[in-house]
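Welcome, and please open the model in your viewer. We will walk through it one selection at a time.

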Amino acid sequence: MIDDLLDRKLERAFTHLDADGSGVVEADDIFALGSRLLSALDEPAGSPKAELVMRGLTDFWQDLFTELDMDRDGKVTPEEYKLGMTRLYAQGGPAYDRSFRPMMRAILTIVDTDGDGVISLEEFHRAQLAFDTRLGPADTEALFRRIDADGDGTLTVDELLHAVREYYTGTEEDAPGNLLFGEL
């Protein structure tokens, strides 16, 4: 059951990375994801935040590519992704903090559209739309409330990063982070 849950989450995440739907992830997919997020969150492409996001995605891709592209063909297949992500992240390796955490922190800075240092429900909803999770407003609000560990009505970057880590490493069926990219 645990393997099935992680497999479903990794398959869902892979579809978000495979921006062109080709069945493999290449550098262009990662840049397309960044552009889609910037556009959906109304962040100008040349802004300091946009540059931070694109640099974070580039660094993430380079680390991901080096670790996951086992046959060195410049593409990450679903199988390479699943095996590599399980090895790198699901078992709590140092790769998460080295590459994934900085990339997610960069993305979350553009989600915080008003720059107050926390994510409001409205900002969280816009991010869910940007990631095309297909969660409706009621489901988005319920997920927001579950991720809001301290119950203050906002999400900190650390609360969101915890949910992301839960998504990639968690084995509890009802963990809030499991829904971060939509229904499994």
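At roughly what angle do the axes of helix 2 and helix 3 cross? Select both: their axes come within 10 Å and cross at roughly 155°. Axes here are lines fitted to C-alpha atoms, for helices over the stretch in contact, and angles run from 0 to 180 degrees between N-to-C directions. Angles over 145 degrees count as roughly antiparallel, so helix 2 and helix 3 are roughly antiparallel to each other.

Before moving on, note that this is a predicted model, where local features need pLDDT of at least 70, side-chain atom pairs count only at pLDDT 80 or more, and totals for chains, interfaces and linings use all residues. Residues are numbered from 1 along each chain as its sequence is written, and side-chain values use heavy atoms, with hydrogens and water left out.

(Helices are DSSP runs of H or I, at least four residues, numbered from the N terminus.)

Next, select helix 6 and helix 7, which pack at an angle of about 120° with their axes 10 Å apart.

Finally, select Tyr81. Leaving aside its neighbours within four places in sequence, Tyr81 is in contact with Leu10, Ala13, Phe14, Leu17, Leu68, Val76 and Tyr168.

Definitions and conventions
Contact means heavy atoms within 4.5 Å. Helices (H or I, at least four residues) and strands (E, at least two) are DSSP runs, numbered from the N terminus. Angles under 35 degrees count as roughly parallel, over 145 as roughly antiparallel, 65 to 115 as roughly perpendicular and the rest as oblique.
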